[in-house]
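Here are my notes on this model, point by point. Please read them with the coordinates open.

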Amino acid sequence: MKSKSVLIGLHVIGGLTFLSIPVLISPDVFNFKELFSLPPFLRDFTTYFLILVFFYLNYFLLIPKYYYRKKFVIYYVIVISLYLLAEILPRVLFHEMHHHRPHGHVGNGMPRPAFVMWMDISRHFFLFLVAFFAALILKFNEMLKSAQQEKLDAELSYLKAQINPHFLFNTLNSIYSLAIQKSDETANSVVKLSGMMRYVLTESKSDFVALDKEISYIKDYIELQKLRLDNSVKLNVNIISNSLQKQIAPLILIPFIENAFKHGVNSEEDSEITIELGVNETSVNLQVKNKKVTVNNSTESETGLGIENTRKRLHLIYPGKHNLTIEDNQEYFSVYLSVKF
């Protein structure tokens, strides 16, 4: 809404500036009280006004209705007709032969010299061309931005669609493991999964969500993962949940945490996962580190799927406003992400 108001304001300022040109270049500019009663000025001012009307008529109606639909003959016939109207109509309405200019200016009851008239026509023709091409350029730019936004929305929807089932399947695997073990925590895990799925199905449809909700989702995910972990896993979690009423893109943090649990846990090896999440006035900062362990080959082939999708989302949603650093060595895999609000 704010950007739309700014755009309208710029158009109003631009239009008024354009209409001030015939006033400023008039030889009678210092006789402002009589300016709007002088036929030569009225003729010039009316031509400028008609050119301005043509600009908006071309921008809002002619280009979408005829140019975009490739009705070029009709389009150019209308454009030429409007130019002739803008040039001829003011001369018919304010004929120079009946004008007596004060202060000895050219035109005391006589026609103005031909070269002066041709200079006016040339100036009007140039301004008409400027209005013509300006409308085309602005409309093409608007169309390009619209196409880019549609592509962005489609790509984000596709990436979300890839991410959401990823969470579901991994969480169901965790619950399945608990069910096989006949754990008393199975019912509790189902409740947590229900809350997580409600978040995924409702909140993730929004472009941005409250950071409180995103952090709650992360906490539930970690608690659910704890249910299947044994003493072989050393889990260090430090989450400062003071979100300061900030907002963030949904499911933009969890893939890095999910990746640590997916590729950093093996009951036959000493595993270690560290998760630190903090929020300040300007950014949210996440650091995830896991010790590398042996994983199933089929699972290993999917390594980085969630991270790669999230990397793309970060570039699309937070261009120039995020810092993602990934360190992958022989012993540890670590991620540092900072997202500015």
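1. Start with the packing of helix 3 (residues 39-67) against helix 4: their axes lie 9 Å apart, at an angle of about 170°. Keep in mind throughout that this is a predicted model. Angles over 145 degrees count as roughly antiparallel. Helix 3 and helix 4 are therefore roughly antiparallel to each other. The crossing of helix 3 past helix 4 is right-handed.

2. Which residues make up this contact? From helix 3 come Arg43, Thr46, Thr47, Leu50, Phe54, Leu57, Asn58, Leu62, Ile63, Tyr66 and Tyr67. They meet Phe72, Ile74, Tyr75, Tyr76, Ile78, Val79, Leu82, Leu85, Ala86, Leu89, Pro90 and Arg91 of helix 4.

3. Take one residue from that list. Threonine 46 belongs to helix 3. Is it buried or exposed? Its relative accessibility is 17%, and the cut-off for buried is under 20%. Threonine 46 therefore counts as buried. Leaving aside residues up to four places away in sequence, threonine 46 touches Pro90 and Phe94.

4. Now the aromatic rings. The count is 22 aromatic pairs, with ring centres within 6.5 Å as the criterion. One of them joins tyrosine 83 and phenylalanine 128: the centres are 5.1 Å apart and the planes stand at 65°, so the pair is edge-to-face. The cut-off for that label is over 60 degrees.

5. Tyr67, Tyr68, Phe72, Tyr75, Tyr76, Phe132, Phe133 and Phe140 form it together. Among them, Tyr67 is also on the helix 3 side of the helix contact, while Phe72, Tyr75 and Tyr76 are on the helix 4 side.

6. The charged end of lysine 139 sits over the ring of tyrosine 59, 4.4 Å from the ring centre. Lysine 289 lies over the face of tyrosine 332, with 4.5 Å to the ring centre.

7. Last, the whole protein. The model has 10 helices and seven strands. Of its 341 residues, 39% are buried. Among contacts with a separation of 6 or more, 71% are between residues 24 or more positions apart.

Methods. Residues are numbered from 1 along each chain as its sequence is written. This is a predicted model: local features need pLDDT of at least 70, side-chain atom pairs count only at pLDDT 80 or more; totals for chains, interfaces and linings use all residues. Side-chain values use heavy atoms; hydrogens and water are left out. Rings of Phe, Tyr and Trp (its six-membered ring) pair if their centres lie within 6.5 Å; planes under 30 degrees apart count as stacked, over 60 as edge-to-face and the rest as tilted. A charge sits over a ring if NZ of Lys or CZ of Arg is within 6 Å of the ring centre and within 35 degrees of the ring normal. Axes are lines fitted to C-alpha atoms, for helices over the stretch in contact, and angles run from 0 to 180 degrees between N-to-C directions. Helices (H or I, at least four residues) and strands (E, at least two) are DSSP runs, numbered from the N terminus. Angles under 35 degrees count as roughly parallel, over 145 as roughly antiparallel, 65 to 115 as roughly perpendicular and the rest as oblique. A crossing is left-handed if the near helix is turned anticlockwise from the far one by less than a right angle, and right-handed if clockwise. Contact means heavy atoms within 4.5 Å. Buried means under 20% relative accessible area, exposed over 50%, partly exposed in between (1.4 Å probe, protein chains only).
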